[in-house]
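Welcome! Here is a short briefing on the aromatic rings of the structure below.

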Amino acid sequence: MKLSDFKYNLPKTAIAKFPVTPRDAAKLMVLNRATEEIEHKVFSDIIDYMDKGDVVVINKTKVMQARLIGKKERTNAKIEVFVLRELNKEENIWDVIVDPARKVRIGNRIYFNDNLWCEVIDNTTSRGRTVRFNEDAGDIFKAIEEIGNTPLPPYIKREPVPEDRENYQTIFAEIDGSVAAPTAGLHFTPQLVKKIEKKGIKFVPVILHIGLGTFRPVEVEDLTKHRMDSEYYEIPEETAETINKALKSKKNVFVVGTSTCRALESSVTAEGFSKPNRGWTDKFIFPPYDFKITKKLITNFHAPESTLLMLTAAFAGYDFTMKAYKKALKEGYRFLSYGDAMLIL
């Protein structure tokens with residue numbers, strides 16, 4: 001398949017700027033791959049498609065308050081430092097993006113407040129830098145959490161508001177490391193999770209820390225030549241055991257989001273079962289692809305020509321996906337991170 005196959009016209013008015021409340025009141029489009037039927041529901045109806053013994057896999061990554069505003073030493077020039085990931089815990093070394101990059105050179109210090117500053121120790125890409133935070137800053141994750149701003153996706157054309165700290169975080173978020181939310185998980189509320197569990201359905205976690213690559217445009221027409229950014233993931237032993245028990249019992253494995261799906265499909269045994277693992281994955285899923293673990297997929301409506309749309313099309317089938325997207329636009333579904341959801345059966 002080619003990049004241009006995934007082009008469609010997404011009007012700005014269809015991009016959700018804020019989430020609905022409560023979270024599980026978002027619309028839910030249900031796609032049945034066997035019959036090619038499309039149903040229109042609300043997200044809380046998802047429980048009706050689940051049965052006792054089924055498993056729901058979620059991503060428990062937590063979005064860092066990744067946008068830091070600082071001042072360059074001596075000149076006091078305003079610099080935005082967007083933290084990407086920790087490279088070395090002992091030495092407080094991090095991978096970041098700086099803006100405006102032309103003002104930031106090796107050796108420069110950027111001060112955020114009286115307790116936190118960083119020194120640029122290397123250049124990576126055009127706007128990328130490697131920085132070392134000050135030794136006496138304490139827990140860098142905690143310091144970032146206190147002074148940083150929510151890294152809303154670039155297509156949400158507004159500045160973050162205080163509510164985004166909670167809104168752009170799933171209720172499953174536990175482990176710091178993402179710069180974007182696993183958005184399919186945003187629709188779950190504690191009440192809905194309780195109801196689902198009461199029905200005899202288990203929630204199990206994986207981790208995949210989502211990087212900026214999720215927003216990076218695909219720049220090659222031939223999809224086999226596209227390379228994904230590597231992202232850290234973990235599949236705990238207990239999660240793999242629960243999934244494999246469900247697969248052997250012919251129960252469904254509901255996978256919440258493309259990030260969770262990529263983590264699971266990155267570590268599969270020769271027999272097609274889930275394999276506990278931790279490491280880095282650059283797995284790129286596009287049609288055609290034979291899914292081993294994912295039996296049902298919960299996802300949002302994605303941007304044109306995005307790797308997320310390609311994964312969705314690989315799961316639901318290309319023609320069916322594009323037909324559903326056309327219908328979603330016509331029916332007023334809200335798109336992207338704060339938008340509505342899709343359940344693919």
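Over which ring does the charged end of Lys27 sit? That ring belongs to Tyr333, whose centre is 4.9 Å from the charged end of Lys27. This is a predicted model, in which local features need pLDDT of at least 70, side-chain atom pairs count only at pLDDT 80 or more, and totals for chains, interfaces and linings use all residues. Residues are numbered from 1 along each chain as its sequence is written, and side-chain values use heavy atoms, leaving out hydrogens and water.

**Charges over rings**
- A charge sits over a ring if NZ of Lys or CZ of Arg is within 6 Å of the ring centre and within 35 degrees of the ring normal.

**Aromatic pairs**
- The structure holds 21 aromatic pairs; rings of Phe, Tyr and Trp (its six-membered ring) pair if their centres lie within 6.5 Å, and planes under 30 degrees apart count as stacked, over 60 as edge-to-face and the rest as tilted.
- Phe43 and Phe188 have ring centres 5.1 Å apart and planes at 85 degrees, so they are edge-to-face.
- Phe43 counts as buried at 0% relative accessibility (buried means under 20% relative accessible area, exposed over 50%, partly exposed in between, with a 1.4 Å probe and protein chains only).
- Phe188 is likewise buried, at 0%.
- Tyr289 and Phe291 form an edge-to-face pair, 4.8 Å centre to centre with 80 degrees between the planes.
- Tyr289 is partly exposed at 24% relative accessibility, while Phe291 is buried at 12%.

**An aromatic cluster**
- Tyr333 belongs to one aromatic cluster with Tyr8, Phe301, Tyr325 and Phe335.
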